[in-house]
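The following paragraphs lead through selected features of the structure shown here, with attention to its ring contacts and to one of its sheets.

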Amino acid sequence: MPRRLIYALLALLLAQLSLSTTVSDNHASNTSLTTRASSPLSFAASKWIWRATYTADTFVALRKDFTPPLGKSLIAAEILVTVDNNMQLYVNGEFIGSGTPGRTRFAQRFCVDLQPSFNVFAINASSSNIPDAAMIATILLTYSDFTTDTIVSDASWRVHAAVAGFEQLSFDDTAWPAATIQGAFGDAPWNQVHIPSDPPVISFARDEWVWTDAIPANGKIPAGSRAFRRTFTPAPGQVPMSADIIVTADNTYTLWVNGVELGTGTQFSTADHYTVNFASVPSEVVFAVLATNNAAGTAGILVAAEINMVPSGRASCTAGSFVLTDVAWVSTKGAIPTGWEQPGFDDSAWPPVAVEDIYPDGPWGTVTIAAASPPVSI
């Protein structure tokens, strides 16, 4: 019987015995959300890795298995990962979450429970940029005695063209070649990567000014109001706890989050800073912006948000994602319908926005960020 299949079977047999005690005890003793702080997790020791030969827009499977030392029992992992430029993350065959396509410089951070013994971390990835195609990850492992180990992306990972079932515990990757190192953290073309943290450090770096997709060729946008929406759906098991949001518009805006109005602004040179605490667990977070162009000319909105999450009440692990203005936002070009800012509104027929410039390029230049307003619970 293959070594990996033996490990997988042992992991499944031990899971109920160990996780029913160590994990539940861990969660019971860490139910306070107010004491949570980011662990010192970074990409400093990680490498950008990929497959040696690659065809654009095809899927690549990257795998890393881990068996703890004798006498050690795993309970959880904190995973920091990003891919140039699309990925889905699996742990022990379970889908954990995905990255925002084209947002390589903004990492995703996940917290997951582990099997006590053998575990498999798997990523299904693709890229439209052959020279830049790469994945980088750091995984902080926590044992039942609260000691830790760290896995980094390097040549010990295995990589292959994606095949059915590659993310499963029982899959045998021993014939797969080692990953090819594409570069070290900080190397071009990826350079700096923004990492979700608690408390968040929010900025407009690499954000995009956007407007509706009806921008005249001369760039002179007609006067009038436009509605913009972006829906964020948390990864399975990741519970939104708070959101830090900075926003500005040329000329004015009103911002709603999950149907609750947070504020307005009238000076594009100064962004407002809002903090939202989620009093109940939302299944999605809906950002809605009503922006008005006062006179024909330039117009745009600029939004950056970091959503902090916590899984199953665990206070010792940080999970987080970024939401930035980009083509994932949608906007109406015609009449603005009633209730458009509410979470349940159907915006599936709204077209994606158009990107105007990457901050701080364009006619708006550098934007000052105001001090954060008092937190709002919704």
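Trp256, Trp340, Phe345 and Trp350 are linked into a cluster by ring pairs; rings of Phe, Tyr and Trp (its six-membered ring) are paired if their centres lie within 6.5 Å, and planes under 30 degrees apart count as stacked, over 60 as edge-to-face and the rest as tilted. The model is predicted, so local features need pLDDT of at least 70 and side-chain atom pairs count only at pLDDT 80 or more, whereas totals for chains, interfaces and linings use all residues. Residues are numbered from 1 along each chain as its sequence is written, and side-chain values use heavy atoms, with hydrogens and water left out.

In total, the structure holds 13 aromatic pairs. One of them, formed by Trp48 and Trp190, is stacked, at 4.6 Å centre to centre and 15° between the planes. Because Trp48 lies in strand S1 (residues 47-50) and Trp190 in the loop between strand S11 (180-184) and strand S12 (208-211), this pair ties together parts that are 142 residues apart in sequence. Trp48 counts as buried because its relative accessibility is 0%, and Trp190, at 3%, also counts as buried; the term denotes under 20% relative accessible area, with exposed being over 50% and partly exposed in between (1.4 Å probe, protein chains only). Phe171 and Trp176 form an edge-to-face pair, 5.4 Å centre to centre with 65° between the planes, and both residues are buried.

An open sheet is formed by five strands in the order S16-S15-S18-S13-S21, with antiparallel pairing. Strands are DSSP runs (E, at least two residues), numbered from the N terminus, and two of them pair if DSSP finds at least two bridges between them. Strand S16 (260-265) and strand S21 (330-331) are the edge strands, each pairing on one side only. Strand S15 (residues 252-257) runs antiparallel to S16 and is joined to S16 by five bridges; Thr254 has Thr264 in S16 as its bridge partner.

How values were computed. Helix = DSSP H or I, 4+ residues; strand = E, 2+ residues; numbered from the N terminus.
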